[in-house]
Amino acid sequence: MPVLSVRDLRIGYRSGGRLVEAVRGVDFDLYPNEALALVGESGSGKSTLGLGLLRLLPRTGQITGGEVRYRAPGGDQVEATDYDVLSLEGTRLRRFRWSEAAMVFQGAMNAFNPVLRIGEQFADTMRAHAPEGRLGREDIRERAGDCLRSVRLEPGQVLGSYPHELSGGMRQRALIALAMVLEPRVLILDEPTTALDLLTQRAIVDMLQELRAERGFAMIFISHDLALASELADRVATMYAGRIIESGTADDLFREPRHPYTAGLIGAVPTVHGGALEPVSIPGAPPDLARLPAGCSFASRCSYAVDECRTTDPGLLMVTDRPAGETSHEAACLRWEAVRMPAMALQDEEAGK
Ligand SMILES: Nc1ncnc2c1ncn2[C@@H]1O[C@H](COP(=O)(O)OP(=O)(O)OP(=O)(O)O)[C@@H](O)[C@H]1O
Ligand SMILES: [Mg+2]
């Protein structure tokens, strides 16, 4: 059973008296302990989707349709949970955030309040969101300490520090610890490594993998870096202009992308091909969401596009259907059978195919 089921989710922003949709009908299931990566260029709607799932959109943002179901199995003492996140209000919504699903926000390295010690910020969060009501001081210290140790920080040092006394990498680890402190079953990480140097990025990605194995949460990892995302994700979904346009295993998307946009994203990453290829960037720019063209929104940038692409948006089509419980490969491209990744085309040429 998925822990999160998202159906036809639509999110808009009000601007100049209009509502412009930034998320335009997204569907996916997230299973317990699964890592889903959302990748795509700037402005494709990744953060909007993440914020919408937690109902944390800014004032101008609005969920305009769809469903987000959250499910947790029952236990000895607890009843099974199954509700639509979009209908939660007040206390129930506050508890859903952080104790069921938590998020590390994009650019969050400065999310700590600069004038409060880290320990106080852990205490505030836990008091505001703990499902069992008020927690004692000892309990708070113990849980905070436990989470900090699991991100390899020394609680004795960190809890008494002010945010500016920690390095960027330490602050990011502390934020991940803070997101985990109420043991959420879903953790959303929005570009958690973008501002960090490569070694620190790697350390954080490795650490997230270990934490997921240990603690069993499901993870949504948002990144514009497909290579990084595919290292830690069971499933990767590419977003373009507010939609998921391809979804499959990391291998599917990396080795055999079937949407020209995903293929372009891979082409735009020079390192993974061992230097043999020039990095190719995707020509053109994403469409204006307020004036979307008919048909496929990528068609004007696409070298595979045919006339039908300019009138028809096919939605996700099955590329590789796999047995229930396994990740299928789907792409929203009429011409998916023709799509070749730049590196594959080159290999084929070399092999004389
Ligand atoms: N607060 C806002 N008010 C109005 N429009 C917004 C707001 N936040 C985002 N948008 C618009 O919504 C669209 C999606 O933005 P979003 O931040 O979700 O993209 P993203 O994929 O997270 O990009 P990035 O990789 O740069 O973080 C963009 O067109 C953006 O301009
Ligand atoms: Mg973003």
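Q106 is partly exposed, with 46% of relative accessible area. The model in which this residue sits is a predicted one.

S47 belongs to helix 1 (residues 46–53), while Q106 is in the loop between strand 6 (101–104) and helix 3 (118–129), so the pair ties together parts that lie 59 residues apart in sequence.

Q121 counts as buried because its relative accessibility is 9%, and the limit for buried is under 20%. Along the chain, Q121 and L159 are 38 residues apart, and their C-alpha atoms are separated by 8.9 Å.

The next topic is charge pairing. Side chains of opposite charge can pair when their charged atoms come close. A search of the whole structure finds 18 salt bridges. One of them joins the side chains of E41 and R301, with an N to O distance of 3.1 Å. E41 lies in the loop between strand 3 (35–39) and helix 1, and R301 lies in the loop between helix 10 (260–267) and strand 11 (317–320), so this pair ties together parts that are 260 residues apart in sequence. The two partners fall into separate accessibility classes: E41 counts as partly exposed at 21% relative accessibility, whereas R301 is buried at 7%.

The loop between helix 10 and strand 11 also holds D313, the partner of R243 in strand 10 (residues 243–249), so that pair ties together parts 70 residues apart in sequence. In the salt bridge between R243 and D313, the closest N and O atoms are 2.7 Å apart. R243 is partly exposed, at 23% relative accessibility, and D313 is partly exposed as well, at 31%.

Helix 10 itself is mostly covered, with eight of its eight residues buried. Among these buried residues are P260, Y261, L265 and I266.

A further salt bridge links the side chains of R69 and E67, at 3.3 Å from N to O. R69 has a relative accessibility of 22% and therefore counts as partly exposed. E67 is partly exposed too, with a relative accessible area of 29%. This pair belongs to a network of salt bridges that links E67, R69, R71 and D82.

What gathers in a patch of positive charge on the surface? The residues are R127, R134, R137 and R141. Of these, R137 lies in helix 4, which spans residues 137–150. R137 counts as exposed because its relative accessibility is 71%, and exposed means over 50%.

Elsewhere, R301 is buried and pairs with E41, while R137 is exposed and belongs to the positive patch.

Definitions and conventions
Residues are numbered from 1 along each chain as its sequence is written. Chains are lettered from A and ligands numbered from 1 in the order in which they are written. This is a predicted model: local features need pLDDT of at least 70, side-chain atom pairs count only at pLDDT 80 or more; totals for chains, interfaces and linings use all residues. Side-chain values use heavy atoms; hydrogens and water are left out. Patches are made of residues with over 30% relative accessible area and no salt bridge: like charges are joined within 9 Å, nonpolar side chains (Val, Leu, Ile, Met, Phe, Trp, Tyr) within 5 Å. Accessible areas come from the Shrake-Rupley method with a 1.4 Å probe; for residues, only the protein chains shown count as cover. A salt bridge is a side-chain nitrogen of Lys or Arg within 4 Å of a carboxyl oxygen of Asp or Glu. Lys and Arg count as positive and Asp and Glu as negative; His and the chain ends are not counted. The place of a charge is taken as NZ of Lys, CZ of Arg, CG of Asp or CD of Glu. Helices (H or I, at least four residues) and strands (E, at least two) are DSSP runs, numbered from the N terminus. Buried means under 20% relative accessible area, exposed over 50%, partly exposed in between (1.4 Å probe, protein chains only).
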